[in-house]
Amino acid sequence: MATDDVPNEAGPYVYDIKAAPNRQVEMPKTVPLPSLKIYLAEQAAAVVAEEAKWQKSLADFETAKAKAEAEGKPAPKPPVRPVPKPDTNDMKFPAPAPATDPDLLHLQEVLGPKVEEIFQQAGELTCQVKKESILEALALVRDDAALGYEMLADETATHYPAAQGFAFSVVYHLTSIRRSKRLRLRILIPEGFEPETAVPLYPTANWLEREIWDMLGIRFQHHPDMTRILCPEDWEGHALRKEYPTLGLGQRDIDFREDRSGVLMRIAMEKAGNMGINLNPPRAE
Amino acid sequence: MFKNEEMEINMGPQHPSTHGVLRLKLRLDGEVVKHCRPVIGYLHRGVEKICENKTFFQGQVWTDRMDYTSAVANNLGWAEAVEKLFGITVPRRAQYIRTMLNEYNRLASHLIWLATHALDIGAMTVFLYTFREREAILDMFEAFCGARLTTTAFRIGGLREDLPPGFEKMARTFQARFLDCIDEYETLLTENRIWKKRTIGVGMLKAEDAIAMGVTGPVLRAAGVPYDIRKAFPYAAYAEMDFEVPTRPEADTYARYLVRLAEMRQSHRIIDQCLGGLPEGPVMAKLPKILRAEVNEVYHPTECPKGELGYYLVGEKGSTNPYRFHVRAPGFINLQALPMMIEGSLVADVIATIGTLDVVLGEIDR
């Protein structure tokens, strides 16, 4: 079954990784960090840009009019300020709003300058604290009689490679069963920073922080068991980082030496060719 | 020669009663479990990474493959999380149909739990009875969306189609006989002496431990905490439904069995209300062809049959894909409490405790 172009002798096969289109990772260019401050700044910038555009069109009209008068041609039409089209969809973007919830105001009052930002969006409360004071904030929301968030529902992180000054946001979703309320605490951390673990306060965080280490490569200080959880211990890279490709890393080397007839090899070559991977061994020079 | 050193054994990953590929490293002193360490990740497919490279419409397909015994509940969580991200209002008729299908899914999931849990402990018969009713539910899913397990039942903004003709008849036939079926399961198990011996006092998890470990769902409610997201943070049409949250104070495997059976009765009640009060109107919201996100983040919790299923989504301005997607899988968090529940008990009770947690490794490993 072996064909001429398939080598029979065993040898190291080189994956031509660059040839695979899926290996080309398109890095994000924006920093989609939900924040009231950023939102307000963007809105203000948009208003200014729109006004500048309008002024420019007015000025263009004046020059065109003067030119037309000088040449004795009919005057051009004056510009009309564009009116935004009414939106007929059942969709209304929930814009971030200043915090009015008593929990957020209480947090800001107690923690003072350790709180970086509080806001509400889509009915969810967000409180961003300084990265060094996350443990203090967690202890406060758990033990304060007015807050009483006794359960850590979720903890996860997001990679922002395009951001300046930080690389990850780590979010803690807390639930108060007694008061039926939810709160999100957030910290922004740079690459290499190790936040304090939440395990002494919320034992749930054990596996969640292991998952964050496994998927995003953020280590937590004083964590009792900082090992990988979903991937094997010897895995390279962290899959949920934005630079991690969707194909390629971790492909298993098939031992084709057992494949006497060459059938497996041919199938693998065909499949790899369809995916744009060149499995051919390098030519001897 | 009498040896008294502790023995390490691996239970799994290929053990029939581990409901997937779960591996438990156990350290035993005779028959008593001294230490337990769950090893997971054998079914890891990187669903979060995949969904970040898919559009909001395509992502729902992957939620079917996480908890494959309750695909509709997973679909509902995804659809609602995306709708929350975009601020979409869903028509009321669609909300009712979603609620009804979600409750059918809860029944199907609880039936498969009861079947496998009883099978693990040694009661073979229950399996044959519960799969009869599950079949009827899957037939309804098939009539509604064409698939039995991987449903992808909903669309962002509502439903693709209204209920098919004949669906109501199927549903009413099912409703008429289902309560008797639950009574039938109860005659097999509730007063069964072997069942009671194998479950009462086994796999204890007290309320304060459960809350500290983040355990939700029937396991938490069987410890006496009436926390149900359908009541605490109502979604879909649950705010308009009249139902109770069953709880038990005992916090053992038998209590969880009773809580789940009581939940099935409540689900039946909710479906009755949905069928009776189905409002008229459209089933799909008016949306643009392509959904482009704004910068926003949402965490949307729903009450999956296993517990709190939370979807965390981050939207990027102008993008059709989620920038970040994370699943708070109920099984992942609940399984973390397993060592606490079985340390100090017998090896045979490990099987009963895994069964009572109702783990599905597809959603734990994602």
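**A walk through a two-chain model**

Hi everyone, let's start with one residue: A:His222 sits in the loop between H4 and H5 of chain A. Here helices (H or I, at least four residues) and strands (E, at least two) are DSSP runs, numbered from the N terminus. Its phi is positive, about 60 degrees, although A:His222 is not a glycine. A:His222 has 11 C-beta neighbours inside 10 Å, so it counts as exposed. For that term, a residue is buried if 20 or more other C-beta atoms lie within 10 Å of its own, exposed if 12 or fewer, and partly exposed in between, with C-beta atoms placed from the backbone.

A word on what you are looking at. This is a predicted model, in which local features need pLDDT of at least 70 and side-chain atom pairs count only at pLDDT 80 or more, while totals for chains, interfaces and linings use all residues. Residues are numbered from 1 along each chain as its sequence is written, and chains are lettered from A and ligands numbered from 1 in the order in which they are written.

B:Ala236 lies in the loop between helix H10 (229-232) and helix H11 (253-276) of chain B. With 24 other C-beta atoms within 10 Å, B:Ala236 is buried.

Chain A has five helices and six strands, and from the N terminus on its elements run α-β-α-β-β-α-β-β-β-α-α. Of its 285 residues, 26% count as buried. Chain B comes to 15 helices and six strands, and 54% of its 366 residues count as buried. A compact globule with 366 residues would have a radius of gyration near 21 Å, and chain B agrees with that at 21 Å. That radius is taken over C-alpha atoms, and the globule rule is 2.2 Å times the number of residues to the power 0.38. The C-alpha trace of chain B spans about 75 × 45 × 35 Å along its principal axes.

Let's look at strands in chain B. Strand E1 (residues 7-11) lies largely in the open, because the number buried among its five residues is zero. E1(B) runs antiparallel to strand E2 (residues 23-29) of chain B, and five bridges join them. One bridge partner pair is B:Met7 and B:Leu28, the latter in E2(B). Two strands count as paired if DSSP finds at least two bridges between them.

Further along there is an open sheet of three strands in chain B, in the order E4-E5-E6, with antiparallel pairing. Strand E4 (296-304) and strand E6 (322-328) of chain B are at the edges with a single partner strand each, so one side of each has no neighbour in the sheet. On average, and ignoring direction, neighbouring strands of this sheet are turned by 15 degrees against each other. Helix H3 (residues 71-86) of chain B packs on the sheet, touching E4 and E5 of chain B, and its direction makes about 150 degrees with that of E4(B). For these angles, axes are lines fitted to C-alpha atoms, for helices over the stretch in contact, and angles run from 0 to 180 degrees between N-to-C directions. Nine bridges join E4(B) to strand E5 (residues 307-315) of chain B, where B:Thr302 stands opposite B:Leu309 in E5(B).

H3 also turns up beside helix H2 (residues 56-64) of chain B: the buried residues of H2(B) pack against helix H1 (47-52), H3 and E6 of chain B. Those buried residues include B:Phe56 and B:Trp62.

So where do the chains meet? The contact takes 36 residues from chain A and 46 residues from chain B. On the chain A side, strand E4 (151-159) and helix H4 (205-216) of chain A are the elements that give two or more residues. The largest share of that side, six residues, comes from E4(A). By class, that side has 19 nonpolar, 11 polar and six charged residues. Ala, Val, Leu, Ile, Met, Phe, Trp, Tyr, Cys and Pro count as nonpolar, Asp, Glu, Lys and Arg as charged, and the others, Gly among them, as polar. Two residues are in contact if their C-beta atoms, placed from the backbone, lie within 7 Å.

Last, confidence. pLDDT is the predictor's confidence in each residue, from 0 to 100. Chain B averages 89, with 99% of the residues scoring at least 70. The mean for chain A is 81, and 83% of its residues reach 70 or more. Over residues 7-15 of chain A the pLDDT is below 50, and this stretch has 11 contacts in the model beyond near neighbours in sequence. For the complex, the predictor gives an ipTM of 0.89 and a pTM of 0.83.
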